[in-house]
Amino acid sequence: MTEPHIPFHLAGDRRPGFRRPAGDRHPRGRRLAAGIRRWIGGAAGALALTAGLVAAGGPQASAASLTQVTGFGTNPGNLSMYAYKPDALPSGAPLVVALHGCTQSASDYHTHSGWQKFADAYGFALVYPQTSSANNSNSCFNWFEPGDTARGQGEALSIKQMVDKAVAQYGSDPARVFITGLSAGAGMTADMLAAYPDVFAGGAIDSGLPAYCANSVSTAYTCMYSPPDKTPAQWGALVRSAAPAGTTSWPRVAIWQGTSDTTVQPANATELRDQWTDVWGIGQTPSRTETLGGGTTLSVYEDGAGRPAVEVYSISGMAHGLAVDPGSGAEQCGSTGTYYLDTICSSYHTARFWGLDGGGQEPGPGALPAPTGLAVTGTTDTTAALGWSAVSGAASYTVYRDGAQVGTTTSTGYTDSGLTAGTAYAYTVAAVDPSGVRGAVSAPVTATTTGGGYTPTCYTASNYAHTTAGRAYQSGGYTYANGSGQAMGLWNTFTTHTLKETSPGYFVIADSGCSA
């Protein structure tokens, strides 16, 4: 009988004797899932060993330039911490966290990725979390395990504890902490950006997947080969539900993807773009595009203040791996190897996107905080009225529709006009100080104009009934309205909401009153 081909890059299992995630009330189900993971991981491990990629006992970091750091916390995720600190690194320097891919190690990633070159040149510390075969048979980060990806749990908490240790030990600037990763490390990077937006100022997802795309081994394979085609609002809702309540400031995200990747399908880059542009409250049409070396096309998505918030790097013909460009040129870096592909130096462009080079960085937002309480106060066929809470020190406010500026006002309200009937629009607002400097942009709100030949309809039911009727969907035990992606709470028969269908298939929460 022919052995089935099972890709090993992201598969895994958790060996007996390691902890079950806190709050797990279904040990029998966990045992069954663990059995499935062991079967997949076993076959995958055999393939990896045949290819000569996995050393017995799992990878070990051994590069002389790396230092293992112990005592960084309770370490519930059973990870190891390795760090690189350039000579004479000053206090207040940035910190970059880099997550390796499956079958790799901290040493391997440090050697090939090119990050050391820019840590030396620009002056920042590097932290390399490392997993092992004790956590996952192929030494993958468990980006698909809820107990390892939620804020305050498992591997996610271990990585957060490493950040805290590095900030304390190296005097790193807590406002300039960034995270990047490859493959499974990229999947974990997306999860970390969602769970800890208050920790990371930016991230880079290399050949990775949307945050919380999967919550099991089987759904992980679905995400890799045929990612769900969710709306931007649905993807964004997964991030907002993972982040601390009330989060309004989000990391800037770079997305790297090869067009010939057969392990993580290129469609994942599109879904990632949809997810993070929605979180930022901006549209999915790029503000500009550029042609770079190595067959790379860069698409830039700017926030309301004109700063790049999301960047997508699409590399023509590149397979699964991290983009490197060996050489001594200023824009070159890294060395080739398994899953390190000679195309373009991704670390260089990512460092510049984050502003780590100290030059060419877009001006940052002013000191004024983002307005809170942004809400739609009324709509007609052609207008949308907005209101928000005042920001102390603001001289005026700038209003953005789908990422583009549409008006300014000195009050805490604005009515946008000239709209199309029966259409949804995303709005954000930023405060402007007396000198004309714009502050941080608010969280987005969606306004749907009336009319358009459609009569709105209201439905009051339990979250469970809404999902079975096709008005909402559930993910990870939580419920979200179809179309708007608004969070509705736990998926059960007890929690009840009123949903208003403002256009075909587009539902918004209308608990405060719903007039069709």
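I began with charges over rings and found K230 over the face of W235, at 5.6 Å from the ring centre. The criterion I applied requires NZ of Lys or CZ of Arg within 6 Å of the ring centre and within 35 degrees of the ring normal.

I note that the model is predicted, that local features need pLDDT of at least 70 and side-chain atom pairs pLDDT 80 or more, and that totals for chains, interfaces and linings use all residues. Residues are numbered from 1 along each chain as its sequence is written, and side-chain values use heavy atoms, with hydrogens and water left out.

I next looked up aromatic pairs, that is, rings of Phe, Tyr and Trp (its six-membered ring) with centres within 6.5 Å; planes under 30 degrees apart are stacked, over 60 edge-to-face, and the rest tilted. I checked burial (buried under 20% relative accessible area, exposed over 50%, partly exposed in between; 1.4 Å probe, protein chains only). W143 is buried at 2%, and F144 is buried at 1%.

I then examined Y464 and W491, a tilted pair at 5.8 Å centre to centre with 40° between the planes. Y464 lies in helix α11 (residues 463-468) and W491 in the loop between β24 (487-490) and β25 (496-503), so this pair ties together parts 27 residues apart in sequence. Helices (H or I, at least four residues) and strands (E, at least two) are DSSP runs, numbered from the N terminus. Y464 is partly exposed at 39% relative accessibility, and W491 is partly exposed at 35%.

Lastly, I recorded a cluster in which ring pairs link W115, F124, F178 and W354.
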